[in-house]
Amino acid sequence: MAEMGSKGVTAGKIASNVQKKLTRAQEKVLQKLGKADETKDEQFEQCVQNFNKQLNEGTRLQKDLRTYLASVKAMHEASKKLNECLQEVYEPDWPGRDEANKIAENNDLLWMDYHQKLVDQALLTMDTYLGQFPDIKSRIAKRGRKLVDYDSARHHYESLQTAKKKDDAKIAKAEEELIKAQKVFEEMNVDLQEELPSLWNSRVGFYVNTFQSIAGLEENFHKEMSKLNQNLNDVLVSLEKQHGSNTFTVKAQPSDNTPAKGNKSPSPPPDGSPAATPEIRVNHEPELASAATPGAALPKSPSQSSLPAVVVETFSAAVNGTVEGSSGAARLDLPPGFMFKVQAQHDYTATDTDELQLKAGDVVLVIPFQNPEEQDEGWLMGVKESDWNQHKELEKCRGVFPENFTERVQ
């Protein structure tokens, strides 16, 4: 029987809650349709707007703070890897090895301490601050429901009073329910009216403390890290003085922007191989001239004086029926004006339609520019030997390429 009684109470409570929801829903519909007035409290509504704004700002701050901490963690890992690399390349006989290892250890400890203090003094405080919002948000929602109950009870009481046929018993009961609903609502309302403004004002002190903590921790961290970096610099300066006979110069890299036509800059090869700075060697030895037909002279042209020496020599060899490396006989299987061969030492990716795409090992037949004024320093004109053997057409195959990616082979 006790069990049935318990079930009966539970069932009754469920039925009561369902009835309350129905009554509230009906009241809200009547209010929206303008058939029932709604109790308004503009001051409280402003407090609720401030509460929602404060909650949104706090949630965003918490999210950004977690992102900041994740970045600190990532920088810690990157710094640790960098120091591990230094320890690996630091040879045993180099001076300052122990000091460099100690600096790396202190660097690691400093990052860990910085991250932990940020968690303790900023993130945990942030979590505590935001921890009070869910309960207040729930109470604001409950106050809203109790206000609807109060309005509903008030309207019910008023309708019974204005009815043509009055029922004193029903009016008395309705009045009792109205007083009860009003009391429940006002108790919740008074508490929130006090708490919400206080919570809103607390945001100033919280933001000040949070950002002061972060700024102070970051300032101290960078001061200590600066000391470690200076110590590491001193160790490396000492190493350079004792072991560094030559200073390694870092050459400037070309711009990523594609050079305009007529103003190309050759890209550096992938490493510091000898191919990085080859020279165009012009053969001025007398045997080249002796291989020419006696009495034959280099034809002159109005622009001859402005031609580069390598082009003049090539032109001379072509007129006299010789080219370098041909042992005095013209090479009919090579492109007109052929000067010499080069072999690509590195891959080169063409960045313009007039450039050759090279793979390491490709052989290129170097030829002169049609207009010498178009030649830029560090660039050659040529045709890949494989393309020439297949097509025998310069217009389709020729292109420019950076000289420092190749090495002369003939």
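## Rings, loops and confidence

Trp94 counts as partly exposed because its relative accessibility is 25%. Buried means under 20% relative accessible area, exposed means over 50%, and partly exposed is in between, using a 1.4 Å probe and protein chains only.

This is a predicted model: local features need pLDDT of at least 70, side-chain atom pairs count only at pLDDT 80 or more, and totals for chains, interfaces and linings use all residues. Residues are numbered from 1 along each chain as its sequence is written, and side-chain values use heavy atoms, with hydrogens and water left out.

**Confidence.** The protein chain has a mean pLDDT of 80 (the predictor's confidence in each residue, from 0 to 100), and 71% of its residues reach 70 or more. The pLDDT falls below 50 over residues 1-7, a stretch with zero contacts in the model beyond near neighbours in sequence. A contact means heavy atoms within 4.5 Å. Residues 255-262 also have pLDDT below 50, but this stretch has six contacts beyond near neighbours in sequence. Where pLDDT is low, the predicted coordinates should not be read in detail.

**Around Tyr90.** Tyr90 sits in the loop between α2 (42-89) and α3 (97-131). Helices (H or I, at least four residues) and strands (E, at least two) are DSSP runs, numbered from the N terminus. Setting aside neighbours within four places in sequence, Tyr90 touches Pro95, Gly96, Arg97, Ala100, Val235, Leu236 and Leu239. Ala100 is 10 residues from Tyr90 in sequence, and their C-alpha atoms are 8.7 Å apart. A polar atom of the Tyr90 side chain lies 2.6 Å from the backbone oxygen of Pro95.

**Aromatic rings.** The structure holds 10 aromatic pairs. Rings of Phe, Tyr and Trp (its six-membered ring) pair if their centres lie within 6.5 Å; planes under 30 degrees apart count as stacked, over 60 as edge-to-face and the rest as tilted. Tyr90 and Trp94 form an edge-to-face pair, because their ring centres are 5.4 Å apart and their planes stand at 70°. Tyr348 and Trp379 are edge-to-face too, with centres 6.3 Å apart and planes at 75°. Tyr348 belongs to the loop between β1 and β2 and Trp379 to strand β3 (residues 379-384), so this pair ties together parts 31 residues apart in sequence. Elsewhere, Phe51, Tyr129, Phe133, Phe206 and Tyr207 make up one aromatic cluster.

**Charges over rings.** Arg203 lies over the face of Trp200, 3.7 Å from the ring centre. The charged end of Arg408 sits over the ring of Phe340, at 4.2 Å from its centre. A charge sits over a ring if NZ of Lys or CZ of Arg is within 6 Å of the ring centre and within 35 degrees of the ring normal.

**Two further loops.** Glu355 is in the loop between β1 (340-344) and β2 (363-367). A polar atom of its side chain lies 2.9 Å from the backbone nitrogen of Thr351. Lys392 is in the loop between α8 (385-391) and α9 (394-397). Its phi is near 60°, a positive value in a residue other than glycine.

The table lists the accessibility of residues named above.

| Residue | Relative accessibility | Class |
|---|---|---|
| Tyr90 | 3% | buried |
| Trp379 | 4% | buried |
| Tyr348 | 5% | buried |
| Glu355 | 9% | buried |
| Lys392 | 42% | partly exposed |

Conventions
Polar contact = N/O pair within 3.5 Å; in protein donor to acceptor, adjacent residues only side chain to side chain.
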